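This note sets out points for a colleague who is examining the coordinates. Please read each point beside the structure.

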Amino acid sequence: MSAISEADAGPTHPDQGVGPHLISIADLGASGIAEVLRVAEAFAEVERRSIPKVPTLRGKVVATLFFEESTRTRLSFETAAKRLSADVLSLAVASSSVQKGESLRDTVETVEAMGIDAIVLRHRASGAPAQVARWVRRARVLNAGDGWHEHPTQALVDCFTVRQVLAEAAGVAPASLGVSCFAGLKVLIVGDVRHSRVARSEILAYRALGAEVALCGPPSLLPSDLTGWGVSVEADLDDALGGADVVSLLRLQAERGSGTHVPSLREYTAGWGLSAVRMARLAPQAIVTHPGPMVRGVEIASDVAELPSVVVTRQVTNGVAVRMAVLFLLLGSEVALEGLGGDRG
Amino acid sequence: MAERERSHTRPLGGRFVPTAQVMSALDVQRALVRMAHEVAERNGGLDGVVLVGLQTGGVWLAERIAEVLAETEGEEVPVGTLDVAFYRDDIGLRPVLPEAATEIPLDLTGRVVVVVDDVLFTGRTVRAALNALSDFGRARAVQLAVMVDRGHRELPIRPDYVGKNLPTRRDEMVDVSEDGVAIGTLVAR
């Protein structure tokens with residue numbers, strides 16, 4: 001054992017609710033989310049350095065398997081892994097053996113046979129990461145978005161960003177707020193909730209942290225059954241905006257068939273788009289998040305998207321620190337804890 | 001010294017039970033003053049000197065040394081803090097601190113960096129700190145100040161300024177605070 005001051009704060013380890021895989025926000029629970037946000041704050045500091053790179057995951061290999069297109073999530077995960085000094089392999093599905101008919105299982109088998117430590121998976125099929133997590137022997141699986149199911153790191157980024165803005169408004173360090181700042185926070189999720197994996201992860205995350213979550217959108221784009229979700233439904237966006245602390249806008253997901261659920265894009269925009277007029281209904285300190293990519297002129301007016309309370313760019317920036325935290329917590333905590341006490345100090 | 005609760009000492013943690021008080025509060029204060037003087041003496045003043053306290057135990061020590069230097073030398077020395085969690089060779093054992101705990105106020109290129117920690121043990125924390133510091137610029141020199149050197153080094157690292165050389169058993173714990181220094185053991189809660 002070493003100096004007590006060194007044993008002072010306990011190691012980050014799965015007993016705090018993180019790992020071995022990150023498939024759903026439900027895997028984390030409130031304590032796991034709090035842990036990710038806490039660690040992400042330390043990585044945000046690393047990102048502010050002139051050399052924003054640490055040797056933490058040297059020798060680890062992270063593979064990104066994206067069976068669906070993505071700009072920011074993939075870039076964000078790859079940047080995060082590289083800043084942790086992990087090696088990154090990126091499987092471009094369009095030019096891989098998947099096109100020759102290789103199954104997901106065989107692809108994963110191949111990737112794992114190369115000694116990969118973490119698989120970052122995006123797939124159009126809900127549940128694909130959970131299935132992969134059952135197949136792998138030692139690799140950690142991170143869900144980077146699966147079908148309509150979940151996109152856990154995006155929800156973590158949103159929580160991190162919201163806390164950051166709240167901390168700035170209060171003039172304190174974000175970490176000092178813990179997750180207590182979410183208790184009673186009124187979150188309004190607007191748009192295509194039915195097809196949105198971000199919405200599902202956000203609902204789980206915000207609810208776990210004690211926020212009140214309301215949904216607002218065309219009835220055809222809300223889930224048909226909300227039993228057990230612990231959310232309310234607001235019929236009228238104009239009425240709902242005034243009471244919201246956080247507005248989470250969602251993209252109308254044309255590739256998942258949202259278009260067939262609304263009569264026209266113009267009608268959707270008229271009813272549920274965030275226009276300048278609607279923006280004025282928001283409380284001055286309210287925060288607007290959007291997971292990106294934004295479709296300007298549909299769910300958000302172009303000039304509204306530029307306002308300081310719309311924190312989209314900040315979400316992208318924070319995405320790297322949050323994903324560094326997730327990778328660190330999943331890959332950095334696998335050392336056996338027994339018998340290593342003497343190495344500390 | 002009273003038994004202190006360490007609420008967040010999972011899973012290595014528990015309760016620190018002191019068996020012997022080896023330095024009083026006054027002893028710690030005297031050692032601090034001496035070490036501060038040695039820093040000024042060794043460097044011929046404080047030109048270019050930066051103190052960097054290692055999280056968590058070295059931070060208050062670095063601040064106190066800076067206070068003494070401000071009084072005796074009449075010069076404000078920049079003080080930074082460094083958390084070496086991301087640089088350790090035992091990743092996963094070491095906590096990441098809740099605050100964004102690394103705060104290096106300036107580029108270290110050309111500076112004399114005095115790394116401050118409470119206890120020097122295996123040397124692995126200092127090794128990690130040396131790596132971390134190199135990301136903040138190329139220091140002219142790095143020196144090491146510790147309140148207690150308890151031996152059992154596993155790496156070729158030696159301190160430049162020592163409060164007290166304290167022979168210990170490997171399994172003992174050393175607790176350093178403003179109230180003094182105690183040797184003890186950690187018992188499960």
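The numbered points below take chain A, then chain B, and then some backbone features.

1. The structure is a predicted model. Chain A holds 11 helices and 9 strands. Of its 345 residues, 51% count as buried. Where contacts in chain A link residues at least 6 apart in sequence, 75% of them join residues at least 24 apart.

2. Helices H1 and H5 of chain A. H1(A), residues 29-47, packs with H5(A), residues 152-170, at an angle of about 65 degrees, and the two axes are 10 Å apart. The crossing of H1(A) past H5(A) is right-handed. From H1(A), the residues Ile33(A), Val36(A), Leu37(A) and Ala40(A) meet Leu156(A), Cys159(A), Phe160(A) and Arg163(A) of H5(A). Sorted by class, this contact has 7 nonpolar, no polar and 1 charged residues.

3. Helices H2 and H11 of chain A. An angle of about 55 degrees separates H2(A), residues 72-83, from H11(A), residues 312-331, with their axes 8 Å apart. Angles of 65 to 115 degrees count as roughly perpendicular and those under 35 as roughly parallel; H2(A) and H11(A) are therefore oblique to each other. H2(A) passes H11(A) with right-handed geometry. On the H2(A) side the contact includes Arg72(A), Phe77(A) and Arg83(A), and on the H11(A) side it includes Val316(A), Arg323(A) and Leu327(A). The class count for the contact of H2(A) with H11(A) is 7 nonpolar, 3 polar and 3 charged residues.

4. Overall content of chain B. Chain B has 3 helices and 8 strands, and from the N terminus its elements follow the order β-α-β-α-β-β-α-β-β-β-β. Buried residues amount to 48% of the 189 residues in chain B. Of the chain B contacts with a separation of 6 or more, 69% come from residues 24 or more positions apart.

5. The sheet of chain B. Five strands form an open sheet in chain B, in the order S3-S2-S4-S5-S6 and with parallel pairing. Its edge strands are S3(B), residues 79-82, and S6(B), residues 161-165, each of which pairs on one side only. From one strand to the next, the twist averages 25 degrees. Within the sheet, S4(B), residues 112-120, and S5(B), residues 141-149, pair in the parallel sense over 8 bridges; Val113(B) has Val142(B) in S5(B) as its bridge partner. Helix H1(B), residues 25-42, packs on this sheet and touches S2(B), S4(B), S5(B) and S6(B), its direction making about 150 degrees with that of S6(B).

6. Cis peptide bonds. Most peptide bonds are trans. The bond from Gly292(A) to Pro293(A) is cis, with omega near -10 degrees, and Pro293(A) lies in the loop between S9(A) and H11(A). Gln55(B) and Thr56(B) are also joined by a cis peptide bond, with omega about -5 degrees. Thr56(B) is located in the loop between S2(B) and H2(B).

7. Positive phi values. Which phi does Ser85(A) have, positive or negative? Although not a glycine, Ser85(A) has a positive phi of about 70 degrees, and its place is in the loop between H2(A) and S2(A). Ser85(A) counts as partly exposed because it has 15 C-beta neighbours inside 10 Å. His152(B) likewise has a positive phi, near 65 degrees, and sits in the loop between S5(B) and S6(B). With 16 C-beta neighbours inside 10 Å, His152(B) counts as partly exposed.

How values were computed. Residues are numbered from 1 along each chain as its sequence is written. Chains are lettered from A and ligands numbered from 1 in the order in which they are written. This is a predicted model: local features need pLDDT of at least 70, side-chain atom pairs count only at pLDDT 80 or more; totals for chains, interfaces and linings use all residues. Axes are lines fitted to C-alpha atoms, for helices over the stretch in contact, and angles run from 0 to 180 degrees between N-to-C directions. Helices (H or I, at least four residues) and strands (E, at least two) are DSSP runs, numbered from the N terminus. A crossing is left-handed if the near helix is turned anticlockwise from the far one by less than a right angle, and right-handed if clockwise. Two residues are in contact if their C-beta atoms, placed from the backbone, lie within 7 Å. Ala, Val, Leu, Ile, Met, Phe, Trp, Tyr, Cys and Pro count as nonpolar, Asp, Glu, Lys and Arg as charged, and the others, Gly among them, as polar. A residue is buried if 20 or more other C-beta atoms lie within 10 Å of its own, exposed if 12 or fewer, and partly exposed in between; C-beta atoms are placed from the backbone. Angles under 35 degrees count as roughly parallel, over 145 as roughly antiparallel, 65 to 115 as roughly perpendicular and the rest as oblique. Two strands pair if DSSP finds at least two bridges between them.
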